[in-house]
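Here is a friendly walk through one model, from its sheet to its cores. Please keep the viewer open as you read.

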Amino acid sequence: THSVADLFALCEAQMKAGNDAFVAEHGLELVKSAGTATALRLVLAAAAQRQNWRLCLDLLKHNTNLFPSDKLPADLRRLQVTCEQALGLLSEAVRDAEELVHEEASTENLSLLFRVHVALGDLKRAVFPARELVHSKQTPPDMLVSLAAVMRLEDRELATKALEEAVARDVSGAASVAEATMLAAQLDLDSLMRHLVPKMVKAAETGSASVRSVGLREMIEFKRNSDEQVRTALNDWRAGKVPIHFLPRVTNVPLAAWVVLPLAHPTNSGSLSSHFPVFFRHGGRQANPPNRKISRLYVDITALHVAHELGILPLVEDTFGPLFIPPAARLSLVNQAVNAERTQTRRVAAHRAVAQLLDDKRIETWKPSESLTVPIDRQGIAVEWWQAFAEMRHRGGLLVDYWPKLLGDESTFEPTGEVLNGVTSVSTVLNSLEREARLEANVIGSARERLSSFTRSQATFPVPHRNQTLLLEANLA
């Protein structure tokens, strides 16, 4: 047997040595024997490091008597909220977090309430703590960046204000600077981009794990490896080797998209869809479960997506009453919305603008003629490019492209000789528009900044003139 002092000293030594498992294992015995707040804090620290949230919560709830007025101090109450959130007790977590903010609207309490609302998927209620954090001078810049990343889905103006405050407070750290730069681009905040891009470039030069500079060869190799991983994942999924939940990690496509895509391919009655099958793993339950009365229906994330896309979700709710969604599913929906929106805002607006120009007959869609033939894979460039070039020569127009164009895996292609007379670059078109004052200076500056990494050619391209036909691909448009 050991005395209480010996057990405490042993646990303290084990904790310092990094053996938090030992402390968590003997925690109940230590707290019960010692009966002190110091012993409780030692065991709580070990349990939290082990992510043993149930032990943490039990210790907190049953040992309030160790503190004045039987009330936990603020830091331990915040730990209690974290435990409740991790265990899926979200209603309790919201209640306790709101009580903390009501007593003291500190940065720590407000940020905790914000995280709980986000975990619950309730972005509307997250607006209050988010706004208070933006107005508080004590909120660190990295917290403001994280706040902007989430709130742009609910309140674009608030997200913009949060990002502006983060920049004003000199956001630093490679990860925060990189995320802030991406957010500024997604929110169309060109003034912030001009401030953040140089900081991100500087951070990349330090060799940070979050952002770093790479050469062209390394980028090509990265793309090749990434494509191979995606192909392997898709093949394994189609063969039934991995569930659909695995794909978003590899493809960077939200889980919801995998349900939407096949259902977006309508088929004639009685015929099979040409889209690849969607495989969901059912967790080992029986294929034909026994009949039984369902008093409460729990719905996982994939079932929710499928029911919504098939249009039967209202019917399911009418039949079984309120559906119960696991806490993780709520946060998953928020994360999917974030991922889906991450680069879509600007892209959707651009597609709409191009579509409107098509409707107004100001843009013509060109399709290669079957009679138009050119040498296959000429100089390593796809045949479609050479067909487009031939069409523009016929029309007396110019083909617009990025330069240099990647050729295969290693080298680049720059036009020379007769080809050079029939093509032009994006930057040349921008220069022409700028000279004719067809676009505002800030728009030209933003476009030139974003395209600067593509245009490295030393060639002098023909300058397009009024009423001349220009041919460019849809993404470039």
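The report below covers the basis of the model, its sheet, cysteines, salt bridges and nonpolar cores.

## Basis of the model

This is a predicted model, in which local features need pLDDT of at least 70, side-chain atom pairs count only at pLDDT 80 or more, and totals for chains, interfaces and linings use all residues. Residues are numbered from 1 along each chain as its sequence is written, and side-chain values use heavy atoms, leaving out hydrogens and water.

## The sheet and its helices

Helices (H or I, at least four residues) and strands (E, at least two) are DSSP runs, numbered from the N terminus. Two strands are taken as paired if DSSP finds at least two bridges between them. With that in hand, look for an open sheet of 3 strands, ordered β6-β3-β7 and paired in parallel. Its edge strands are β6 (423–425) and β7 (470–471), each pairing on one side only. Strand β3 (residues 398–401) runs parallel to β7 and is joined to it by 2 bridges; L398 stands opposite L470 in β7.

Helix α21 (residues 383–395) packs on this sheet, where it touches β3, β6 and β7, and its direction makes about 145 degrees with that of β3. Helix α23 (residues 426–435) also packs on the sheet, touching β3 and β6, with its direction at about 75 degrees to that of β6. Contact here means heavy atoms within 4.5 Å. The axes are lines fitted to C-alpha atoms, for helices over the stretch in contact, and angles run from 0 to 180 degrees between N-to-C directions.

## Cysteines

How many disulfides does a search of the whole structure find? The search finds 0, taking a disulfide as a pair of cysteine sulfur atoms within 2.5 Å. The sulfur of C56 has its closest cysteine sulfur in C83, at 4.3 Å, which is too far for a bond. C56 is buried at 0% relative accessibility, and C83 is buried with a relative accessible area of 0%. Buried means under 20% relative accessible area, exposed over 50%, and partly exposed in between (1.4 Å probe, protein chains only).

## Salt bridges

The count comes to 21 salt bridges, each a side-chain nitrogen of Lys or Arg within 4 Å of a carboxyl oxygen of Asp or Glu. One of them pairs E154 with K124, whose closest N and O atoms are 3.1 Å apart. E154 sits in the loop between α10 (141–151) and α11 (156–168), while K124 belongs to helix α9 (residues 123–135), 30 residues apart. E154 is partly exposed at 32%, whereas K124 is exposed at 61%.

K199 and D170 meet in another salt bridge, at 2.9 Å from N to O. K199 lies in helix α13 (residues 190–204) and D170 in the loop between α11 and α12 (174–186), so this pair ties together parts that are 29 residues apart in sequence. R393 and E418 also form a salt bridge, with their closest N and O atoms 3.3 Å apart; R393 is in helix α21 and E418 in helix α22 (residues 417–420).

## Nonpolar cores

A nonpolar core is a set of buried Ala, Val, Leu, Ile, Met, Phe, Trp, Tyr and Cys residues joined through side-chain atoms within 4.5 Å. The largest has 43 residues, and F114, L147, M151 and L163 have the most contacts inside it. Helix α10 gives the most to this core, with 8 residues.

Leaving aside neighbours within four places in sequence, the contacts of L163 include V145, A148, A180 and L183. A second, separate core of 19 residues includes L30, L40, L42 and A47.
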